[in-house]
Amino acid sequence: TRAEVEAFLARHKQSFESRSATVLAADHTEHGSMQTPAEGTVTGRAEIQRVYEFWLTAFPDMDFAWDEPVVEGNRVAFFWDFEGTSSGQFFGDVRPGIPVRFNGGAEYVLSEEGIVSARHVYDFTGALVSAGALKVKPT
């Protein structure tokens, strides 16, 4: 039901607030998948945990603001805004202490066991520009 999906999303937000890759990965099913522009598609809770560890290391203070979800059966989609301060571990030559902001969206397929699949799309170019890793040529 929509109420169950919203309750799950509230718990998932709390998982992000825990800043624990283990806690975040536990929201996914054992053989679930995650697709992101930065990592491609990974499968299995251990690989999903590795993705979360990467982001939590790169942005120890990361924060997400999530919009109201669109729920249809066991599928949920929502837009989000991200901000965090780079630790210097973000795709190469990003200096530590750089504030990074970008936005994106997510689609989750859920089961009673958790997130079966997660697909994130985001402004990867904007993230790299925001971090100073990619220069934009003025027009």
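## Pocket and cavity: the terms

On a 1 Å grid over the protein atoms alone, a pocket is an open set of points with protein on both sides within 12 Å along at least five of seven lines. A cavity is a set of points where a 1.4 Å probe fits but cannot get out. Lining residues have an atom within 4 Å of a point. Grid points are joined across faces, edges and corners, and a volume is the space filled by probe spheres set on the points.

This is a predicted model, in which local features need pLDDT of at least 70, side-chain atom pairs count only at pLDDT 80 or more, and totals for chains, interfaces and linings use all residues. Residues are numbered from 1 along each chain as its sequence is written, and side-chain values use heavy atoms, with hydrogens and water left out.

## The largest pocket

The volume of the largest pocket is about 220 Å³. Its lining is made of Thr 1, Glu 4, Val 5, Phe 8, Arg 11, Gly 73, Asn 74, Leu 110, Ser 111, Glu 112 and Gly 114. Helix H1 (2-18) and strand S6 are the elements that give two or more residues to this lining. H1 gives the most, with 4 residues. Helices (H or I, at least four residues) and strands (E, at least two) are DSSP runs, numbered from the N terminus.

Asp, Glu, Lys and Arg count as charged, and the others, Gly among them, as polar.

## The cavity

The structure holds 1 cavity of 30 Å³ or more. The volume of the largest cavity is about 200 Å³. It is lined by 13 residues, and Phe 16, Tyr 52, Trp 55, Phe 64 and His 120 are the closest to its centre.

S1, H3, S5 and S7 each supply at least two lining residues. H3 has the largest share, with 3 residues. The lining of the largest cavity divides into 11 nonpolar, 2 polar and no charged residues.

Two strands pair if DSSP finds at least two bridges between them. Strand S7 (residues 114-122) pairs with strand S1 (residues 28-36) in the parallel sense, over 4 bridges. In this pairing of S1 and S7, His 28 stands opposite Ile 115.

S7 also pairs with strand S6 (residues 99-111), in the antiparallel sense and over 8 bridges. Tyr 108 stands opposite Ala 118 in S7. A hairpin of 2 residues joins S6 to S7.

## Salt bridges

Side chains of opposite charge can pair when their charged atoms come close. A salt bridge is a side-chain nitrogen of Lys or Arg within 4 Å of a carboxyl oxygen of Asp or Glu. By this rule the count is 8. One of them joins Arg 2 and Glu 68, at 3.3 Å from N to O. This pair links distant parts of the chain, 66 residues apart: Arg 2 is in helix H1, and Glu 68 is in the loop between strand S3 (63-66) and strand S4 (70-72). Arg 2, Glu 6 and Glu 68 are linked in a network of salt bridges.

Accessibility has three classes: buried (under 20% relative accessible area), exposed (over 50%) and partly exposed (in between), with a 1.4 Å probe and protein chains only. Arg 2 is partly exposed, at 35%. Glu 68 is exposed, at 58%. Another salt bridge joins Glu 39 and Arg 50, whose closest N and O atoms are 3.3 Å apart. Glu 39 lies in the loop between S1 and strand S2 (40-43) and Arg 50 in helix H3 (residues 45-58), so the pair ties together parts 11 residues apart in sequence. Glu 39 is partly exposed at 23%, and Arg 50 is partly exposed at 34%.

## Around Ala 77

Ala 77 sits in strand S5 (residues 75-85). Contact means heavy atoms within 4.5 Å. Not counting residues up to four places away in sequence, Ala 77 touches Glu 68, Pro 69, Val 70, Ala 106 and Glu 107.

Glu 107 also forms a salt bridge with Arg 75, with the closest N and O atoms 2.9 Å apart. Glu 107 is in S6 and Arg 75 in S5, 32 residues apart. Arg 75 is partly exposed, at 39%.
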